[in-house]
Amino acid sequence: METIVFALLNGVIYGLLLFMLSSGLTLIFSMMGVLNFAHASFYMLGAYFAFTISGSTTFWIALFVAPVLVGLVGAVVERYGLRKVHANGHVAELLFTFGLAYLIEEIVKIVYGKTAVDYRIPDLLNFPAFTIYGASFPAYRIFMLFIAIGMLIGLWYLLKKTRAGLIIQAALTHPHMVGHLGHNVPLIFMTVFGIGCAMAGLAGVIAGNIFVTDPAMAVQMGPIVFVVVVVGGIGSLEGAFLASLLIGLIQNFAVGINASFAEIFWFTGLSPTSEIGDITISSLAPVMPFLLLVLMLIFRPRGLMGEQEL
Amino acid sequence: MSIKTAALAAAVSAVAVTAAQAEIKMAFIDPLSGPFGPSGEAAYTSYLLEAERINEAGGVNGEMIELTGYDNKVNPKESLVQLQKAIDSGARYIFQGNGSSVAAAIIDAVNKHNKRNPGDEVLFFNYAAVTPAFTNESCSFWHFRFDAHADMKMAAITDYIRSQDDIKKVYLIGQDYIFGQAVAAAAESQLTEKRPDIEIVGNELHPLGKVKDFTPYIQKIISSGADAVITGNWGADMQLLMKAAAESGSDIPYMTFYGGSLGAVSALGEGAMDLLYQVSEGITNLEASDEQYELIETYKERFPEYDYYYHRAHVAMRMFKEAAEKAGSVDPIAVAYALEGMVHQDAYGPVTMRAEDHQAQQNLYISTVSDDVKYGVDNIELGWKVVEGGEIDASVAEQPTTCEMERPEKP
C-alpha cells in the first residue's frame with residue numbers, strides 16, 4: 001500500500017515535470033517538422049538563470065523572470081538561427097539544433113564551471129507538507145505540482161480558448177493558408193518556439209533545485225523527453241500529457257518493486273542466483289522508458305495519440 | 001617518415017628526456033567534471049597542495065614534482081585514453097581513486113604496459129578505489145592502495161553495529177557496479193557472522209551517478225522499517241541520498257564509507273547529528289599536531305569551496321617522497337620496493353604499507369556529525385567528531401589477504 005501511494009505521488013509530479021518539457025518540444029515539432037535536440041538545453045538554461053537570479057534577488061522573482069529570459073533566448077535562436085537554416089531543409093535544421101545543444105552546454109561550463117552549482121529550494125517552502133507512513137512529503141513538491149498544473153491549464157486555455165490559440169493551431173498545420181489570410185506566420189513560429197522554450201525553462205527553474213543543476217542535466221533529461229514525445233505521438237499535446245504521466249508512474253512504480261526475474265518467471269525454473277534471475281525490477285527502473293519506446297515503435301509506431309507515423 | 005620529421009621527433013624526445021630529468025611527472029586521472037567532479041577536484045587540490053609543499057622544501061632527491069590532472073569522467077574507457085596520454089607525456093606515477101571500475105581498468109593497463117615496456121615502468125597509487133580484490137586475488141606489484149578497502153571499512157561498521165543492540169533491521173543501498181556489489185556482499189557476510197539476529201530488510205543497487213531524486217528509494221527504506229542503513233555511496237550519489245533523506249524527515253542512522261562527500265552534511269543540516277556516520281582514516285577534528293592544523297587551515301584558505309577531507313592523498317605523496325629518498329632514486333621499481341613494508345609516521349597514527357599485498361594499514365575512525373567541533377564542513381558550523389569507541393587501531397582494522405604477488409627483479 002505504501003509503495004503504491006508513494007509511487008503515485010512521485011510519479012504524478014515527475015510526470016507533470018516531463019510534460020512541461022515535452023509539451024514545448026511537441027509543439028515545436030508540429031511547427032518545424034523536426035525534433036529540437038536543444039530543447040533540454042533550454043531546461044538547463046532555466047535552472048542556471050534561476051540560480052543566478054535567485055542569488056541576487058529571490059526565488060520568487062527568478063520563478064517569473066528566468067522562464068521569460070529563456071523564452072527570449074529561444075525566440076532569438078528561432079529568429080536569427082533556425083529561420084535562416086530552415087531554407088536549407090530539415091536535415092540542416094536538425095543538425096543546427098544538435099550543434100546548439102553542445103554549444104549551450106559548453107557555454108554553461110565556461111560560465112558556471114563543470115560541477116554542480118548550489119541552487120537551493122526557497123526557505124519558505126522548505127518544510128514537510130504532510131507525513132504518510134512515516135515519511136514526510138516536502139511542501140516544495142506540492143508546489144511543483146501546482147506550478148505544473150497551472151501551466152497545463154494555462155497552455156490548454158491559450159491553445160483552445162483564445163483567438164491567438166486558434167491561429168497558432170491553424171499555423172502549425174496550414175501555415176500557407178494562415179499566411180494568405182494576412183497573419184504574420186514567421187512571428188507566430190517565433191512566438192511558439194519562444195513559449196516552448198519558456199516552458200522548458202520553467203521546468204528547469206522548479207526542478208533544478210530539487211534535483212541537481214549541473215552541465216549534464218540537459219544530456220540526462222534529453223533522451224527521456226524524446227521518449228515522451230515519441231510514445232505520446234509526435235505533435236500531439238494530449239499524447240505527450242498521457243505519455244509523461246505514464247513514464248513518471250512506470251519509473252516510480254518500478255523502483256518500488258523488489259521482485260526479481262526469478263520470482264516473476266518462477267515457472268520457467270529460473271534460478272535466483274543466476275545472472276538473469278537476480279535482476280530485480282527496481283534495478284531496471286531507469287531502462288523502463290526506453291523499453292516502452294522500443295515496444296511502442298514496434299507495435300504502435302504513431303504513438304498513443306499521434307496522427308502520423310514516424 | 002621523412003628525414004626532417006625524424007629529426008624533429010628526435011629533437012622533441014631529447015627535450016622530453018631532459019625535462020624528465022629535472023622533474024618527476026605525475027598524473028592525476030579522475031573525474032574533474034560532471035556529477036563526480038567535486039570528488040575528483042577535492043582530491044586533486046589535496047595532491048597539488050602536498051606536491052607544492054614538497055617542492056618548496058627542496059623536492060624529492062632534489063627533483064621537483066610536476067602533477068597534471070586528467071579528466072576521466074569516471075569512465076573506464078576514457079581513463080585508458082587519459083592514462084596513455086599521461087604515460088606519453090612522461091608520467092611514471094599515476095594517482096586515481098574515484099571508481100573501482102576505473103581502477104580495475106588502470107591496474108590491467110599498467111600491468112600490460114610494464115610488461116611490454118621494461119625500463120619504462122609506471123606505478124599506480126590508488127587512494128580511494130576500495131574493492132577488496134585489488135589487494136587480494138587480483139593484486140599487482142604496480143598497484144599501491146592508500147585507503148582502507150571495503151572489507152576493512154565494513155568490519156569497522158559491523159563491529160560498531162554489534163555494540164548497538166537496538167539495531168535489529170538493516171537496509172543496504174549502494175551503487176550498481178563492482179564497488180557497490182562488494183560493499184553489499186561484505187555487509188551481508190559480516191552481519192550474519194557478527195549479529196545473526198539482524199535481519200537485512202533491503203539490498204538495493206541503483207545506477208551509478210544517474211539517480212537525480214532518491215525520494216522513492218528513501219520512502220522504500222522508511223517503509224521497510226529499517227533501524228540503520230549501510231551505504232558505500234560517494235560523491236553526488238551520497239549527497240543526493242542525504243538530500244532526499246532530509247526531505248523525507250527520516251531519522252534512520254546512515255552508516256557510510258563516504259559521508260564526508262561534499263555536501264552530504266549540509267544537505268542534512270542539524271538532522272545529521274548522530275544520524276550520519278562515516279568510517280575514515282582521519283578527520284580534521286582529531287587531536288593533532290600544530291603542523292597538521294596548519295595544513296588543514298591552509299587547505300581551506302586556498303580552496304574554500306572544499307574541505308580538508310583527502311588526508312590519504314597527503315599520506316600517499318609523503319610516502320612516495322620517503323620511499324624515493326630511501327631508494328635514492330625515483331625509478332618506479334626502486335620506489336615500489338622501498339614502499340614495501342615502509343612505516344610512515346603520520347598525523348593520525350602510523351601508516352604501514354603491507355609488503356604482501358600493497359594495502360596500507362592505518363588507524364580507522366568512526367565519526368558522526370556534531371556541532372561541538374573545531375572545524376566545520378561544507379562551510380557550516382557542523383563537523384565530524386569521533387564516536388565513543390570509534391577509534392580502531394590499525395592492528396584491529398587489518399584483514400588477511402590472499403594475494404600472491406609476482407615481483408620484478410630487484411634493481
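Figure 1. The model is a predicted one, in which local features need pLDDT of at least 70 and side-chain atom pairs count only at pLDDT 80 or more, while totals for chains, interfaces and linings use all residues. Residues are numbered from 1 along each chain as its sequence is written, and chains are lettered from A and ligands numbered from 1 in the order in which they are written. Chain A has 12 helices and 2 strands; helices (H or I, at least four residues) and strands (E, at least two) are DSSP runs numbered from the N terminus. Its elements follow the order α-α-α-α-β-β-α-α-α-α-α-α-α-α from the N terminus. The radius of gyration of chain A, 21 Å, is close to the 19 Å that the globule rule gives for 310 residues, so chain A is as compact as a globular protein of that length. This radius is taken over C-alpha atoms, and the rule is 2.2 Å times the number of residues to the power 0.38. Along the principal axes, the C-alpha atoms of chain A fill a box of roughly 65 × 50 × 40 Å. Buried residues are 46% of the 310 in chain A; a residue is buried if 20 or more other C-beta atoms lie within 10 Å of its own, exposed if 12 or fewer, and partly exposed in between, with C-beta atoms placed from the backbone.

**Figure 2. Helix 6 and helix 8 of chain A.** Helix 6 (residues 163-173) and helix 8 (residues 185-208) of chain A pack at about 100 degrees, with their axes 10 Å apart. Axes are lines fitted to C-alpha atoms, for helices over the stretch in contact, and angles run from 0 to 180 degrees between N-to-C directions. The two helices of chain A are therefore roughly perpendicular to each other, a term for angles of 65 to 115 degrees. Ile167(A), Ile168(A) and Ala171(A) of helix 6 meet Val185(A), Ile188(A) and Val192(A) of helix 8 in this contact. By class, the contact has 6 nonpolar, no polar and no charged residues. Ala, Val, Leu, Ile, Met, Phe, Trp, Tyr, Cys and Pro count as nonpolar, Asp, Glu, Lys and Arg as charged, and the others, Gly among them, as polar.

**Figure 3. The contact between chain A and chain B.** Here 25 residues of chain A are in contact with 28 residues of chain B. On the side of chain A that touches chain B, two or more residues each come from helix 1 (2-32), strand 1 (128-132), strand 2 (135-138) and helix 10 (237-256) of chain A. Helix 1 of chain A gives the most, with 5 residues. That side of chain A divides into 12 nonpolar, 10 polar and 3 charged residues.

**Figure 4. Helix 11 of chain B.** The 17 residues of helix 11 (residues 311-327) of chain B should span 24 Å at 1.5 Å a residue, which agrees with its end C-alpha atoms being 24 Å apart; the expected span is 1.5 Å times one less than the number of residues. In helix 11 of chain B, 12 of the 17 residues are buried, including His311(B), Met317(B) and Phe320(B). Among the elements of chain B that the buried residues of this helix pack against are helix 2 (37-56) and strand 12 (349-353).

Key
Two residues are in contact if their C-beta atoms, placed from the backbone, lie within 7 Å. Angles under 35 degrees count as roughly parallel, over 145 as roughly antiparallel, 65 to 115 as roughly perpendicular and the rest as oblique.
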